[in-house]
Amino acid sequence: MERLVVIWCLGLLEEGPRGEEARRFARVLARAGELCPWVHPIRLGVGALPARGPARFFGGEEAVVARLAAVIGALDEVANLDDLEDVDKVGEEVKIGVADGLFAAMLAARSELIVPPGGTADFLAPWSVATLARPDLAVTLQRLGVTTLGQFAALPAANVSDRFGADAAACHAVARGESGELAGLRDRAIARRLRVARGEDPDRQPDAPPPPSQPGFFGGASEADARAARSIVRVQERLGIEAVLIGRLRGGRDPAGQSVLVPWGSPDPDGTPSPSGAAGAPWPGRLPPPAPTDVLQAPRRAELVDAEDNAMVVSGRGLLTAPIDRLSVDGGPWEKVVAWAGPWPVTERWWSVRRRRARLQVVTDEGVARLLCSERGRWWVEALYD
């Protein structure tokens, strides 16, 4: 069994919606790689490297752990100097351990221990069978009174294989210290995710030649795109992840809420919203296409009246009280309304503070199309159409 050093980053084990954890973990691996070029990711927040070579070079496993803690802790100093909020206290969240085999090394990292060579079985003995990440097997063993890995390891190997199957037999070998790998420990997609976080082409193999300088006829990334991505990553490392933002569509009823700015490199959420913004929910009351071309950051006050100068009102049934005649925006001149569509009533937050709104599309005789919103008896211009 190979002896491994495992780096366990407590705050980076799960990725948030902005994707900063992958970027931070990529920097942790990069700093560890300066000490040992063979470091590789196991899953998000967990990296490993062989212990034998670095231990010989630096004079022991204790020295390797100390040097790794120092270089990773230096990320905190960089964060303080450059005001990188997304690298806040990385070193304090990292634990390092050494043991024979990946499974034991990961548990050793969680405990910040260096398990002596050949001592894997004794180290694993007090751990719960639940650490095998086999819920069904753990429940069955606990019903039989087998609650620890030591008790599990004491069972005859042939009986475990016959009673529980091949996967349980593999777990049994790990508990006995005869095997270091366990199915499910490694995330096969993490390498690709980290390449994206570093601004690299995720589909390019590490030893593959660079892509052509120009994109293909049907698209594809070019070397210029890769260079731009690397530049963006450097900007984010220097100024913080919020320094480079990209627009992303999401579901919603409000035109202003159907787009959001997220840090460049953030993972796409499951069910990425379509251009219509309808993914993941029916969104009753959402405007029909086409979408507005210019959504105002600050809505503009409007007045809407009928032919007798009465203010237009949307009734409780979602209907206009009379045909629309004229529109005035921000107290400006009146414009004749030649066409309109709607209204589309929207009722939200019925479980707390009830909010009722209605939207209306209008076109004036000057050829200007606007999206209006009515709420609490007042009209506002929310967006414009080409």
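The chain folds into 11 helices and 12 strands, where helices (H or I, at least four residues) and strands (E, at least two) are DSSP runs numbered from the N terminus. Keep in mind that this is a predicted model: local features need pLDDT of at least 70, side-chain atom pairs count only at pLDDT 80 or more, and totals for chains, interfaces and linings use all residues. Residues are numbered from 1 along each chain as its sequence is written, and side-chain values use heavy atoms, with hydrogens and water left out.

**The chain overall.** Of its 386 residues, 42% are buried, meaning under 20% relative accessible area, with exposed being over 50% and partly exposed in between (1.4 Å probe, protein chains only). Take the contacts with a separation of 6 or more: 50% of them link residues 24 or more positions apart. A contact here is heavy atoms within 4.5 Å. The chain exposes about 20,900 Å², and 54% of that comes from carbon and sulfur atoms; the areas are Shrake-Rupley values with a 1.4 Å probe, and for residues only the protein chains shown count as cover.

**The cores.** In soluble globular proteins, nonpolar side chains tend to be buried together. A nonpolar core is a set of buried Ala, Val, Leu, Ile, Met, Phe, Trp, Tyr and Cys residues joined through side-chain atoms within 4.5 Å. The largest one has 35 residues, and Val-6, Leu-102, Phe-103, Phe-123, Leu-149 and Phe-152 have the most contacts inside it. Among the elements giving two or more residues to this core are strand 1 (3–9), strand 3 (46–50), helix 5 (120–124) and helix 7 (149–153). Helix 4 gives the most, with 8 residues. Leaving aside residues up to four places away in sequence, Phe-103 touches Leu-124, Thr-131, Leu-132, Leu-149, Val-174, Gly-180, Leu-182 and Leu-185. A second, separate core has 29 residues, including Cys-9, Val-71, Ile-72 and Val-94.

**The four-stranded sheet.** Strands pair if DSSP finds at least two bridges between them. Four strands make an open, antiparallel sheet in the order 2-3-1-4. Strand 2 (40–43) and strand 4 (94–100) are at the edges with a single partner strand each, so one side of each has no neighbour in the sheet. The twist from one strand to the next averages 30°. Helix 4 lies across strand 1, strand 2, strand 3 and strand 4, and runs at about 145° to strand 4. Such angles are taken between N-to-C directions, from 0 to 180 degrees, with axes as lines fitted to C-alpha atoms, for helices over the stretch in contact.

| Strand pair | Bridges | Direction |
|---|---|---|
| strand 1 and strand 3 | 5 bridges | antiparallel |
| strand 7 (294–305) and strand 12 (378–385) | 5 bridges | antiparallel |
| strand 7 and strand 8 (326–329) | 4 bridges | antiparallel |

For individual positions, Ile-7 has Gly-47 in strand 3 as its bridge partner. Along strand 7, Arg-300 stands opposite Val-381 in strand 12, while Ala-302 stands opposite Val-329 in strand 8.

**Two loop residues with positive phi.** Glu-112 isn't a glycine, yet its phi is positive at about 55°; this residue sits in the loop between helix 4 and helix 5. Ala-133 also has a positive phi, near 60°, and lies in the loop between helix 5 and helix 6. Ala-133 is exposed, with a relative accessible area of 55%.
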